[in-house]
Amino acid sequence: MKKSVFFLFISLIFTSLAYPQLAIRHQIASPKAADSLDISYYSQKRGIRAGAMAFGVNMGVWAFDRYIRKADFAYIDMHTIKENIKHGFVWDNDAMGTNMFMHPYHGSLYFNAARSNGYNYWQSGLYAFGGSFMWEMFMECEYPSANDIIATPIGGMALGEVFYRTSDLILDDRKTGASRFGLEFASFVVSPMRGLTRIINGDAWKRRLTSGKQFGVPDVSVDISMGVRALELEDEIFDKGVGFATELDVEYGDRFDADGRKPYDYFSVKAKLNVQKSQPILGQLNIVGRLAGRELVDNKKHYLSLGLYQHFDYYDSDTISSVSAKTPYKFCTPASFGAGFIYKRKLLKRWDIDGYAHLNGILLGGALSDYYRVEERNYNLASGYSTKVGFNFIYKKDKFSASTTYDVYHMFTWKGYPNNMDWENYNPKTLNAQGDRSTAILHATGLRLDVKLRKGVYLTGAYMNYTRTTRYKHYDNVFSSTSEGCLMLTCKL
């Protein structure tokens with residue numbers, strides 16, 4: 001988990017540095033379409049190489065687990081493979097960070113093995129599924145995981161496309177010398193499989209007359225915020241803690257240009273990294289990528305579009321202090337798709353307003369459980385739906401802004417365990433339960449204010465409230481509420 005969070009952190013840092021001259025939604029360097037020579041050159045499909053690289057990822061990870069870590073699950077042979085095929089898929093009991101972040105990150109490597117060899121978003125997703133299927137069936141002596149075969153390829157498509165396009169911002173085939181080496185190294189860190197592909201085919205040092213950017217120069221904005229974070233769990237015992245937090249907000253492409261676009265020509269990323277006692281480093285990661293869209297209204301006063309979006313949501317926390325052993329919140333949706341509206345209008349002479357509304361189906365999600373404690377898992381796997389609504393009020397373009405968000409997740413856990421479960425004598429490897437049979441309703445409500453202090457620097461105040469109502473079939477229902485506040489300085493690059 002720590003290694004993957006490190007790579008994510010480095011990747012996001014390079015995401016923010018890709019265009020250091022940009023202010024939020026104002027691009028100093030004018031957007032530029034991709035050169036047709038670059039599109040043609042880097043769109044050549046190499047299926048055998050893509051498959052070999054995905055295969056190599058699995059073999060390399062397995063060898064590390066088997067011979068360096070000497071992990072129990074990596075001791076495989078023909079007997080374990082036959083058992084996996086014969087038994088089929090089960091719900092596993094790994095930690096949320098492993099199942100819902102590390103596996104999607106692993107899936108992004110499969111995805112970019114194909115993406116960097118000429119395949120598009122959808123085609124690369126098939127490679128991500130193939131790599132995940134190979135791992136689940138053949139590379140572990142544990143039964144294949146039902147949740148992993150969903151989260152790894154689908155979550156990997158979201159992470160993979162974000163990292164691939166970020167690496168595209170960094171690369172420049174016209175450069176030479178130390179500058180070229182720095183760009184290639186940064187791109188390798190963001191998208192290792194693309195960097196490896198460029199080394200294999202010689203593009204990492206080959207000088208060309210065009211930049212090599214497959215997506216040209218898009219409109220990009222980056223906010224980096226740093227400051228103090230306070231977390232409070234409102235329980236029988238009032239528990240709170242204070243620490244340091246960093247937030248990164250990236251918007252890639254034009255959200256108000258939906259017609260005739262390719263998947264992820266527009267996407268947004270929000271990541272929160274914590275330095276706080278007992279709290280996970282990666283506290284939040286949200287990706288929203290537009291797969292297809294259509295403009296319904298576009299005139300001087302109003303704009304309205306309808307689109308199909310992919311969502312990746314990850315929220316994690318741990319016990320705040322020794323006062324209470326309860327976890328404030330923990331939920332995620334690595335595999336979620338739905339329809340969404342984006343709206344904009346001129347409200348008053350000096351005010352602008354824009355907003356969005358999404359309705360999503362959750363193929364796979366997870367929510368904190370108050371009772372299920374099996375191996376590393378303390379959350380219920382689930383499916384369901386979510387709604388997301390948000391508004392931005394902007395005064396004089398950048399003098400002051402207020403943003404509100406309201407997300408609701410409704411998740412169902414139907415594959416439970418027997419009511420008379422013998423918890424003293426059971427095999428966690430064959431339990432095959434999503435968790436407690438239950439219905440969880442989670443609300444994430446946010447408010448953010450930004451006040452301009454000087455050019456590119458803002459004072460930011462943010463508040464989040466997380467509530468969870470879980471109705472259990474065999475246990476007492478539970479309501480939980482957590483508040484989070486941040487005071488930060490924000491640099492709009």
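## Asp-38 and its partners

The side chains of Asp-38 and Arg-208 are joined by a polar contact of 2.9 Å, a term for a pair of N or O atoms within 3.5 Å, of which, within protein, one must be able to donate a hydrogen and the other to accept it, while residues adjacent in sequence count only if both atoms are side-chain atoms. This is a predicted model, in which local features need pLDDT of at least 70 and side-chain atom pairs count only at pLDDT 80 or more, whereas totals for chains, interfaces and linings use all residues. Residues are numbered from 1 along each chain as its sequence is written, and side-chain values use heavy atoms, with hydrogens and water left out.

Asp-38 belongs to helix α2 (residues 36-41); helices (H or I, at least four residues) and strands (E, at least two) are DSSP runs, numbered from the N terminus. The side chain of Asp-38 also reaches the backbone nitrogen of Gly-212 at 3.1 Å. With a relative accessible area of 1%, Asp-38 is buried, where buried means under 20% relative accessible area, exposed over 50%, and partly exposed in between (1.4 Å probe, protein chains only).

## Nonpolar cores

A nonpolar core is a set of buried Ala, Val, Leu, Ile, Met, Phe, Trp, Tyr and Cys residues joined through side-chain atoms within 4.5 Å. The largest one has 59 residues, and those with the most contacts inside it are Met-100, Tyr-264, Leu-285 and Tyr-314. Helix α7 (residues 146-170) gives the largest share of this core, 11 residues. Another core, of 16 residues, lies apart from it and has Tyr-315, Ile-320, Phe-331 and Tyr-409 among its members.

## Salt bridges between strands

A salt bridge is a side-chain nitrogen of Lys or Arg within 4 Å of a carboxyl oxygen of Asp or Glu, and by this rule the count comes to 31. In one of them, the closest N and O atoms of Asp-249 and Lys-270 are 2.6 Å apart. Because Asp-249 lies in strand β2 (residues 239-252) and Lys-270 in strand β3 (residues 267-275), the pair ties together parts that are 21 residues apart in sequence. Asp-249 is buried, at a relative accessible area of 15%, whereas Lys-270, at 26%, is partly exposed.

Lys-272 and Glu-484 also meet through their side chains in a salt bridge (3.3 Å, N to O). This pair links distant parts of the chain, with Lys-272 in strand β3 and Glu-484 in strand β12 (residues 478-492), 212 residues apart, and both residues are buried.
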